[in-house]
Amino acid sequence: MTPLIPLVVAVPLISATAIGLIGKWLDERAADAVGVLAALAGAVLAALVLARVTTGAHPYWFGGWRPRAGSYPLGIAFTPDRIGAGFAVFVLALLAAALVYSWRYVTAEHYLFSILMLLFGAAMAGFVLTGDLFNMFVFFELMSVAAFALTAHKIEEATPLQGAFNFAVSNTIGAFLVVFGIALLYGRTGSLNLAEIGSRLTGDGKHDGLVVAAFVLIACGFLVKAAIVPFHFWLADAHAIAPAPVCVLFSGVMVELGIYAVARIYWTVFDGVLGEFQHPIRDILIGVGCITAVLGAVMCGMQRHIKRLLAYSTIAHAGSFLIGVALLTPDGLAGSAVYVLAHGLAKGALFLVGGILLIAHEEIDELLLQGKGRSLPLAGIAWFAAALALASPPFLGTFTGHALLDDSASKLGYWWLPAVLAFATIGSTAAILRAGMRVFFGWGDEDDPLLSQEPPESSAPHERPSLALMQGVTLLLAFAGLAVGAWPGLAANVVEAAHQFVDRVDYTSVVLDHTPPVPVPREVWHTTTSSVVWSVVTLAGSLTVGTLSLYRARLPERVTDVLAHVLAPLRAAHSGHIGDYISWLTFGVAVIGGLFAFTIR
Amino acid sequence: MTYLPYALSVWIFVCGLYGIVSSRNLIHITVCVSVCQSATYVLLLAIGYRKHGTAPIFSDMPTRGRTIVDPIVQSLTLTDIVVSVAVAALLLTFALKVFEHHHSLDPGEIAGLKG
Amino acid sequence: MIPLQIAAVAFVACGAFVVVVARDLVRQATLLSIYGYGLVVLFLVFQAPDVALSALVVSAIAYPLVLVGAIARVRALQKRTGGG
Amino acid sequence: MNRRTRIALFALSAAGVGALLLWGLAGLPSFGDYAGPYGDLIANLAPPQRHIANAVTAVVFDYRGFDTMGEELILFGAASAVAMLLRETREHDVADIVDRVRSDATNAISLLAALAVLTVGLDVVAHGLLTPGGGFQGGVVLAAAFLVLFLGVEFHVYNQVAAPTRGEPVEPFGAGGYIGLGLVSLGLGLSFLQNFMGIGTFGRLTSGGSVLLVSFSSGIAVAGGFMVIFNEFLQENMAARYGR
């Protein structure tokens, strides 16, 4: 069992270097094949690890530096548990799908694209598996560097690159915040191992400025990656220009990794020392999540650039994921995990449809594409299946995740949270349905006064890739996304895994003292009536709002004027200016830091 | 009691951020990002420093009495420096590509993605 | 803190500010290198020779090369398009 | 936002962030009083356990060698990225540009200088286990040695050395070798990246066991990575200078 754990990342990584070594002489198809096989091998290895960590975390010490029980850890450990290993499987499987989709994207130096994709996927897998704070930062930077480069890779269109620049600068500043946090924790505890830091902080029992600042800095740094308001500005710019298969990984897993990291750090490091402050932490993070969910949904409704529209929908969902983690309950965490799975598959399919439209019609603008999708029925089916999955219909798609979140929130007394989640879902899904109906059915008016003004984009000439293969992958993802909601027993399993994930005491003793993990009781989870009601509401709401918003041009001019006036400042804030973005980032850290500083004492 | 080196790292970080926010040139921003990053080197090394400590390099087997500074933070800083160069090279590449497209490096002039 | 450390700290503190407010690119690249040498001294007095050596090769070789490369490329393009 | 609003917003927020950072830093032990056990344990263990005199190198390539593997891959990613992005739109090949420096004396001196820099680079890589230095520092110097050829001899020679088919595989060879050493340990039934060779006598160049190989592969990776990055920026400039 043990040697499998390092192989999950080592196999894709060494394949990347192998492609680099001989890529110049390698046939393009061969480089592609190596990439797909390496991603699949990684996914299978991760699945094998997942199958064997059912009881809890399983530490693997690199370099043979396994500490004697109870002694100080000198090396770096991977600590896969079911949530972490499951995430790794998802990352690598999605990577394989993205690589198959880009199979016939013929460009010069194509092997470099395969290398960067493999580095990106392996880095994300390493990030979720590691149990070491600085190793987390290393994988964070590796995934970032690959992601920045992939954003700028113009396979499809010759768009300006400041989106990649904004992305790189914002995320790099986020990483510096994380390093500041790491340095603070290291200065206090003299350790980098998550379990060791956690147990030392807990033993110390001091919740002073250092602990609060370290938590705020690390959380904010990772929330930049998670595109949480006001750190979210880079996301739409990056998604608008990144190639579709890259967007699949960005929206499907990379953004979610930021949230995962916050959960991982909270539950291994800070849960003990900040445990008595669960209330303020929960309130602050839920507040931030709600703002993100609502803002993402509102902005989503105003986009005509399809990839940008999908990007804002990702922001809305990221807010919901953060809410799930912020509830600080196993059920909430499990809800987010299941939700991430369904969302990643469905959103991936939507981006791939965007890529197909771009290749078939050299256009990504909703209004200009009106009715042009009729020639691509399979892509249309995938689009609506994926949109349906995101609308959280009863027992399909994101339903299970939503239901777990709603239940957990209601149990804690946040009776209004399901309404916020429903608003975010309706807002973002309605926009996706609107775009789909306009593009694939040709419905709706030819103009919409509320949509943003986008400059028409020029497309670079390229060889036409195989649309059949692309549509196949897209359909597969879309229906897999729908099927997640119908997967019997998934919820109970994930809730159990979440109980293991949040058990800091057990994690610490497994990692440091080599005790076998304590089995958690089997969980049974039943759908409640209220979650079915909410699910019907979001489905009906999405369909109604989506259809009505096709005809916004028919609203009286006075109404649209007022709306446009209200939305103008919001639009203006998303200026594409990196200076603005960094100002907002600083503002966000100051506000969140201030809130924590005044509530935790 | 002295906290001066820690304060220095905060000062460098804020300076770098100010440079990014006020900048009118993408290459200038790249340099400011590197300055920001140097704040993290200073902080890490300052944390691992010991009064009268020497570098953790031995010409003979270590003796208990000798005070040495922390080797871990130094190794972390080394990694940090490599990251900084890699990111700088990438940012400059983006800047070049932006310039080829817009004939400008001013983030105010090139902000084409809005709303 | 020993006087040498205080001097290095003061130099780096001034250097960081001077680098970010320099608006001319070539001057800024030069200042970044000088600032980098300041960091080298600071790391030496922090008893971190390995890091100092890294900072040295970075600020003496890597940064100047890529920065000057990028600036020269931009200037060449500007000349060709006649300003801008 | 206009520039003034932006800077005003930033100034307010930066004051908050600065305060937050200082509040956190105030919880640290005073400068020079670092207490934590990690570094001391390593410093006391590395020489006897590993026969490595430089504790920093022991951490970089052995105790936390897995981090360094990630670091080499970051460089590999950056070099691949720079190559991919700049080549995409470079309109003309620069392989046939000669750009010779027309002075035999300069040529000869540059050749010698390149050899000297190369030697220094190798020296820094080789002594990493004993003195300050190692793969990264030496690697950058090695990459710079080839640039001296461009400065003092001709672009063509440099281009031949650093050409995509020759210079580019160096980095993946080094980084792949690093991962490969990890896999060798696995294959021998040890833990990933665990030392699998005798650790030698304390204080020798060859002590430290397979850590030495790890250090070399990192040197190769860094040299290759920087060679690619420098070369791409240089090619951009040559293409511009020759009006292409």
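## Helix H8 of chain A

The expected span of a helix is 1.5 Å times one less than its number of residues. In this predicted model, helix H8 of chain A covers residues 209-225, a run of 17 residues.

## Chain A as a whole

Chain A contains 22 helices and two strands. Its C-alpha atoms fill a box of roughly 70 × 60 × 50 Å along the principal axes. For 601 residues, a compact globule would have a radius of gyration near 25 Å; the value for chain A is 23 Å, which agrees with that expectation.

Buried residues account for 69% of the 601 residues in chain A. When contacts between residues at least 6 apart in the sequence of chain A are considered, 85% of them join residues at least 24 apart.

## The contact between chains A and D

Chain A contributes 63 residues to this contact, and chain D contributes 61 residues. On the side of chain A that touches chain D, the elements that give two or more residues are helices H1 (4-22), H4 (110-129), H5 (133-152), H6 (162-189), H8 and H22 (578-599) of chain A. By residue class, that side of chain A consists of 38 nonpolar, 18 polar and seven charged residues.

## The largest nonpolar core

In soluble globular proteins, nonpolar side chains tend to be buried together. The largest nonpolar core in this model has 426 residues, and the members that touch the most other members are B:Leu90 and B:Ala95. Helix H10 of chain A (residues 244-273) supplies the largest share of this core, with 21 residues.

Which residues does B:Leu90 touch, leaving aside those up to four places away in sequence? In chain A they are A:Val145, A:Phe148, A:Ala149 and A:Ala168, and in chain D they are D:Ala78, D:Ala81 and D:Val82.

## Confidence in the prediction

The predictor assigns the complex an ipTM of 0.95 and a pTM of 0.96. For chain D, the mean pLDDT is 85, with 94% of the residues reaching 70 or more.

Conventions: Residues numbered from 1 in each chain as written. Chains lettered and ligands numbered in written order. Predicted model: local features only at pLDDT ≥ 70, side-chain atom pairs only at ≥ 80, totals over all residues. Core = buried A, V, L, I, M, F, W, Y, C linked by C-beta atoms within 7 Å. Buried ≥ 20, exposed ≤ 12 C-beta atoms within 10 Å, placed from the backbone. Helix = DSSP H or I, 4+ residues; strand = E, 2+ residues; numbered from the N terminus. Contact = placed C-beta atoms within 7 Å. Nonpolar A, V, L, I, M, F, W, Y, C, P; charged D, E, K, R; others polar. Rg over C-alpha atoms; globule rule 2.2 N^0.38 Å. pLDDT = per-residue confidence, 0-100.
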